[in-house]
Amino acid sequence: MALTRAGNRLVGLAMMVAVSVVIGTVVVAAARTPGRPQPGSPAAAAPLSAAAAAAVQPAKYVVLTFDDGPDPVYTPKILDILAQYDAKATFFEVGRNVVKHPALTKRIHDGGHSVQNHTWSHADLRHLSAGAFRKQVADTDRAIRTQTGQVPGCLRPPYGGISAQVTQRAKVLDKQLIVWTVDSRDWTKPGTAAIVKRVLTGVHSGSVVLMHDGGGNRAQTVAALPTILKTLKAQGYGFRTVTC
């Protein structure tokens, strides 16, 4: 059927619109296709397969946490042992120690461990004014972010000191309070065997274990860690980290 000149123009216009839609669809699809991730962007972490996700997040697991570091003597030794047993942990760091030993915080983060907030000077948050509370947390956030590029979402109150006021103030700062379920009491220096026994006796799937990589002589903790890791792995445990 012959078309009028006006009809030809309409057909031509329709074809142009169709082509434009196809080109636009390709452009949108290309924009959504992952390319090389930009540094610091969420796309930097590729989606995990189901098998990989299961490996990263084991069903039977223990959360290992280390407080009061980083420490130039004991933190590197603990990191070496964790790497030897392919275990990840969460380090609740004191801000002033981060500033003193920034490379250690970066090493912890780069090793796939979680770095979280343990206040600036290990202050008991129950006894601080609102302003002092905020400064203890904010200054530590800033120090950790400088080394890791991330702001901690978790806050471990020193001494496990939680009250209704501490909880409310943490919430205002968008922090989740994280304590523990198994206390190794390694800070009392009870001996390597006692630390091992306390951890392994109290642990079950989902346990959050408290140990220390800073705040004093942690040689007993370092000595106990290989036995703890070896035994937990033999019992079928994996290791998760804490993020909030």
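I count two residues as in contact when heavy atoms lie within 4.5 Å. With that cut-off I went through this predicted model.

**Entry 1. H3 against H9**

I looked up where helix H3 (residues 74-84) touches H9. From H3, the residues are Tyr74, Lys77, Ile78, Ile81 and Leu82. They meet Ala219, Val222, Leu225, Pro226 and Leu229 in H9. I sorted this contact by class and got nine nonpolar residues, no polar ones and one charged. Then I took the geometry. The angle between H3 and H9 is about 5°, and their axes are 10 Å apart. Angles under 35 degrees count as roughly parallel. H3 and H9 are therefore roughly parallel to each other.

**Entry 2. H8 against H9**

How are H8 and H9 placed, roughly parallel or oblique? I fitted helix H8 (residues 192-202) against helix H9 (residues 219-234). They pack at about 40°, with 8 Å between their axes. The pair is therefore oblique. H8 crosses H9 in the right-handed sense. On the H8 side I noted Thr192, Ile195, Val196, Val199 and Leu200. On the H9 side I noted Gln220, Thr221, Ala223, Ala224, Thr227, Ile228, Thr231 and Leu232. By class I have eight nonpolar residues, five polar and no charged.

The general rule is worth a note here: an α-helix has 3.6 residues a turn, so residues three or four places apart point the same way.

**Entry 3. Helix H6**

I turned to H6, residues 130-148. It has 19 residues and spans 27 Å from first C-alpha to last, close to the 27 Å expected at 1.5 Å a residue. Which residues of H6 are buried? I list Phe133, Gln136, Val137, Asp139, Thr140, Asp141, Ala143, Ile144 and Thr148. Then I checked what covers them. The cover includes three strands: S2 (90-93), S3 (114-117) and S4 (154-155). It also includes helices H4 (95-100), H5 (102-110) and H7 (164-172). Gly149 follows H6, and its phi is positive, near 80°.

**Entry 4. Backbone exceptions**

Most residues other than glycine have a negative phi, and most peptide bonds are trans. Gly69 and Pro70 are joined by a cis peptide bond, with omega about 0°. Pro70 sits in the loop between strand S1 (61-67) and H3.

Arg185 is not a glycine, yet its phi is positive, near 50°. I found Arg185 in the loop between strand S6 (182-183) and H8. Its relative accessibility is 37%, so Arg185 counts as partly exposed. Lys189 also has a positive phi, of about 55°. Lys189 lies in the loop between S6 and H8. I read 45% for the relative accessible area of Lys189, which makes it partly exposed.

Where is Tyr237? I placed it in the loop between H9 and strand S8 (238-240). Is Tyr237 buried or exposed? The cut-off for buried is under 20% relative accessible area. At 12%, Tyr237 is therefore buried. I set aside its neighbours within four places in sequence and listed its contacts: Lys60, Tyr61, Val62, Val203, His204, Ser205 and Leu232. Tyr237 and Val62 are 175 residues apart along the chain, but their C-alpha atoms are separated by 6.6 Å.

I followed up on Ser205, in the loop between H8 and S7. Ser205 is partly exposed, at 35% relative accessible area. With neighbours within four places left aside, it touches Ala59, Lys60, Tyr61 and Tyr237. I also took Ser205 to Gly236: 31 residues apart in sequence, 9.8 Å C-alpha to C-alpha.

**Entry 5. Gly216**

Gly216 is in the loop between strand S7 (207-212) and H9. Its relative accessible area is 32%, so Gly216 is partly exposed.

**Entry 6. Whole chain**

I ended with totals. The protein has nine helices and eight strands. Of its 244 residues, 39% are buried. I took the contacts between residues at least 6 apart in sequence, and 74% of these join residues at least 24 apart.

Definitions and conventions:
Residues numbered from 1 in each chain as written. Predicted model: local features only at pLDDT ≥ 70, side-chain atom pairs only at ≥ 80, totals over all residues. Heavy atoms only, no water. Helix = DSSP H or I, 4+ residues; strand = E, 2+ residues; numbered from the N terminus. Expected span 1.5 Å × (residues − 1). Buried < 20%, exposed > 50% of the residue type's maximum accessible area, 1.4 Å probe, protein only. Axes fitted to C-alpha atoms, helices over the stretch in contact; angles between N-to-C directions. Parallel < 35°, antiparallel > 145°, perpendicular 65-115°, else oblique. Left-handed = near helix turned anticlockwise from the far one by under 90°. Nonpolar A, V, L, I, M, F, W, Y, C, P; charged D, E, K, R; others polar.
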